[in-house]
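Biologist: I would like to learn how to read a model of this kind, going from one feature to the next. Could we look at it together, with the general idea given before each case?

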Amino acid sequence: MKIDKLSNWISIKDRPLVIAGPCSAESEEQVIAIAKELKESGKVDAFRAGIWKPRTRPNTFEGVGLVGLPWMKRVKEEVGLPITTEVANASHVELALKHDVDILWIGARTTVSPFAVQEIAEALRGVDIPVMVKNPINADLALWMGAIERFSHLGMTKLAAIHRGFSTAEKSKYRNLPIWSIPIELKRLMPDLPIICDPSHIAGDRELISEVCQKAMDASMDGLMVETHITPDKALSDAKQQVTPMTLRNIIGSLSLRNEQGGNKTFDEALQKLRAKIDDADREILELLHMRMNIVNEIGLSKKENNITPLQISRMDAVMKNRAELGSKLGLDEKYVEDIFHVIHTESVRQQTKIMNDFDAGVSDKKDKE
Ligand code: PEP
Ligand code: MN
């Protein structure tokens, strides 16, 4: 997949890339006032505002629509910031292009629908415009990657992902659980794809924006998209999670930016030595897992001979509890140890079930031949 560098399509003053602006464009005055303050802060590279808003319930503010696009155009021409907005269908695309929107983004509620994403991609055939794809609402990495591929397959190369957290039944202080392992896995599978974090929709609460921004930087993300309003409490959508341009400036200014690579020679040598130890430890873990699996298989055969099920819940429960306890005595996080042994035990039961099924299939095969 061919992906352009961020710096090929947006000029970034200073690391990280910062996109900011209100959740929704509400009035011409609101848009211009926010954009001016953001520009003056010297920390912002592009201006965002929602024109068409996907709201959970009807009869709430669903965006100003088409009238807002000329306000955005004024931001671009008079304030001097590139502009970006969400498009959710082919007609949004047509109108956004007509009003010289610089960058488009696909919202989380659209990414979940392959038909909608394909329609948008088709509407952009042959157009050289950057597209940022938010993760789908549900924690489905393949669906996120699929949406990005729909643009890439049409030859678009100015692409980025936006991590805005995932809606789950789990109770949390966040509005949308960040589940950092998902964007990190996306980075591993699509290493050239820039990833921008949207702390506003993850946090849902302005008090948490700063800590989410720092976590995004620690996970080597390339940029931030932060909802910003001059009077956040009066915002017509997502009021609780918006910050003022001044607060945003302070948040960006106080981020600790670490390098992913490029320490000095002593550091690099020490790191290499420690990593060699980790490699050895991992090899030993794998050899032990192999040995453990041989025992599991032996037990499987004997369970088969004695007509016993592969799974004994009481044994599983005992293993989980005992290993979590042992682990915590060693200073390991209990949940971490539980998760590992859950995977180990589930695979053991799967292997034993397979042994039993293979054995039965072998017996009936033999019978058929007789
Ligand atoms: C937004 O950015 O205002 C928005 C609607 O985001 P999401 O698609 O992530 O919910
Ligand atoms: Mn919003």
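This is a predicted model: local features need pLDDT of at least 70, side-chain atom pairs count only at pLDDT 80 or more; totals for chains, interfaces and linings use all residues.

Biologist: What do the side chains of arginine 283 and aspartate 280 form?

Modeller: They form a salt bridge, with N and O 3.1 Å apart; the term requires a side-chain nitrogen of Lys or Arg within 4 Å of a carboxyl oxygen of Asp or Glu. Exposure is read from relative accessible area, with buried meaning under 20%, exposed over 50% and partly exposed in between (1.4 Å probe, protein chains only). Arginine 283 is partly exposed at 48%, and aspartate 280 is partly exposed at 41%. Elsewhere, salt bridges with shared partners connect Glu28, Arg74 and Glu78 in one network.

Biologist: How many salt bridges does a search of the whole structure find?

Modeller: The search finds 23. One of them joins aspartate 100 to lysine 73, with the closest N and O atoms 3.2 Å apart. Aspartate 100 sits in the loop between α3 (90-98) and β4 (103-106) and lysine 73 in helix α2 (residues 68-79), so this pair ties together parts that are 27 residues apart in sequence. Another links lysine 2 and aspartate 4 at 3.5 Å, N to O; lysine 2 is exposed at 58%, whereas aspartate 4 is buried at 12%.

Biologist: Which residues surround ligand 1?

Modeller: A residue is counted as near if one of its heavy atoms lies within 4 Å, and the shell includes Arg48, Lys53, Trp105, Arg164, His201 and Glu227. By class, the shell has three nonpolar, two polar and seven charged residues, where Ala, Val, Leu, Ile, Met, Phe, Trp, Tyr, Cys and Pro count as nonpolar, Asp, Glu, Lys and Arg as charged, and the others, Gly among them, as polar. Polar side-chain atoms approach oxygen atoms of ligand 1 at 2.8 Å from lysine 53, at 2.6 Å from arginine 164 and at 3.1 Å from glutamate 227. Taken alone, ligand 1 exposes 300 Å², of which the protein buries 97%, the areas coming from the Shrake-Rupley method with a 1.4 Å probe.

Biologist: Which protein donors does the manganese ion (ligand 2) have?

Modeller: Donors are N, O and S atoms within 2.8 Å of the metal (3.2 Å for Na, K and Ca), and water is not among the atoms, so sites may look incomplete. Here they are Cys23 (SG), His201 (NE2), Glu227 (OE) and Asp238 (OD), at 2.1 to 2.4 Å from the ion, with the sequence spacing C-x177-H-x25-E-x10-D. Glutamate 227 belongs to strand β8 (residues 223-227) and aspartate 238 to the loop between β8 and α10 (245-253), eleven residues apart, and both glutamate 227 and aspartate 238 are buried.

Definitions and conventions. Residues are numbered from 1 along each chain as its sequence is written. Chains are lettered from A and ligands numbered from 1 in the order in which they are written. Side-chain values use heavy atoms; hydrogens and water are left out. A polar contact is a pair of N or O atoms within 3.5 Å; within protein, one must be able to donate a hydrogen and the other to accept it, and residues adjacent in sequence count only if both atoms are side-chain atoms. Helices (H or I, at least four residues) and strands (E, at least two) are DSSP runs, numbered from the N terminus.
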